[in-house]
Amino acid sequence: MPTVAPMLAEVAQMVADPGRANILSMLMDGHALTAGELATVAGVTPQTTSSHLSKLVERRLLVVERRGPRRFYRLATPLIARMLEGMMTVAASGPPRFQPPSRIDDEMRRARTCYDHLAGELGVALTDSMVERGYIELDADGGELTPGGLTFLTGLGTDLVAPARSRRAFCRPCLDWSERRLHLAGRVGAAIAGLAFQRGWIRRRPKGRSVEITADGAAAFRQLFGVRI
């Protein structure tokens, strides 16, 4: 009888290496980076990074984009980001381990991207607000944007039109590893994140997936969503 156990073990082995785990984590914001950029993040030599990337591409966890003479690597699909976020949730719920306080950890918990949508305290707070206002209906199994939610988001200027032949989920939950609660993903979640970047409510930090909430963003989230963060 066929079993997925060998394939599961293979994927787990891919992620288990600290260097590859760092590479995958860095790419969870949906962007593409060069091998050189990823070598710095992974903390290993360029030669070792090249070996890691080759294995990740071969296993179809990453894909390569060629831009002129340069090669950029990104997660193969949003499904990879969902898998990694789920693994982070399991890891965070394990036995406590001593770690010195980290500013980067605090920034990640406050606000970050999870592939192309918002996570952390900000992502969960926005999701809670939209549920409380009746804009979305969300549970662990799925989500739906209500007519009121559609009116609200289109009024803000979000683009919810799906690309041709898109198989992307429209509105779905994603379990937040740091908050242990649901935040909003799918095209709806991506549209909100895209609007926040476009309006300057949030901006990317130089390194990592954490984002900075600007003064304009804090005001907008409070006035439009009723979220104080």
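Me: Is Glu-65 buried, partly exposed or exposed?
Reply: This is a predicted model. In it, Glu-65 has a relative accessible area of 22%, so it counts as partly exposed.

Me: Which residue forms a salt bridge with Glu-65, and how far apart are the closest N and O atoms?
Reply: Arg-74 does, with the closest N and O atoms 2.3 Å apart. Arg-74 is partly exposed, at 26% relative accessibility.

Me: Now Glu-85. Which residue does Glu-85 form a salt bridge with?
Reply: Arg-112, and the closest N and O atoms are 3.2 Å apart.

Me: Where do Glu-85 and Arg-112 lie?
Reply: Glu-85 is in helix α5 (residues 78–92) and Arg-112 is in strand β4 (residues 112–114), so the bridge ties together parts that are 27 residues apart in sequence.

Me: Buried or exposed, those two?
Reply: Glu-85 and Arg-112 are both buried.

Me: Which residues do salt bridges with shared partners join into one network?
Reply: Glu-65, Arg-67 and Arg-74.

Me: How many salt bridges does the count come to?
Reply: The count comes to 8. One of them pairs the side chains of Glu-10 and Arg-59, at 3.3 Å from N to O.

Me: What does the Glu-10 and Arg-59 pair tie together?
Reply: Glu-10 sits in helix α1 (residues 5–16), and Arg-59 in the loop between α4 (46–58) and β2 (62–67), so the pair ties together parts that are 49 residues apart in sequence.

Me: What is the relative accessibility of Glu-10? And the relative accessible area of Arg-59?
Reply: Glu-10 has 37%, and Arg-59 has 22%. Glu-10 counts as partly exposed, and Arg-59 is partly exposed as well.

Me: Changing topic: the largest nonpolar core. Which residues touch the most other members?
Reply: Leu-153, Phe-221 and Phe-225, out of 30 residues in that core.

Me: What does Phe-225 touch, not counting residues up to four places away in sequence?
Reply: Phe-225 is in contact with Leu-126, Ser-129, Met-130, Arg-133, Phe-152, Leu-156, Trp-201 and Ala-220.

Me: How many residues are in the other core that lies apart from this one?
Reply: That core has 21 residues, including Leu-27, Leu-33, Leu-61 and Ala-81.

Notes:
Residues numbered from 1 in each chain as written. Predicted model: local features only at pLDDT ≥ 70, side-chain atom pairs only at ≥ 80, totals over all residues. Heavy atoms only, no water. Core = buried A, V, L, I, M, F, W, Y, C linked by side-chain atoms within 4.5 Å. Buried < 20%, exposed > 50% of the residue type's maximum accessible area, 1.4 Å probe, protein only. Contact = heavy atoms within 4.5 Å. Salt bridge = Lys/Arg side-chain N within 4 Å of Asp/Glu carboxyl O. Helix = DSSP H or I, 4+ residues; strand = E, 2+ residues; numbered from the N terminus.
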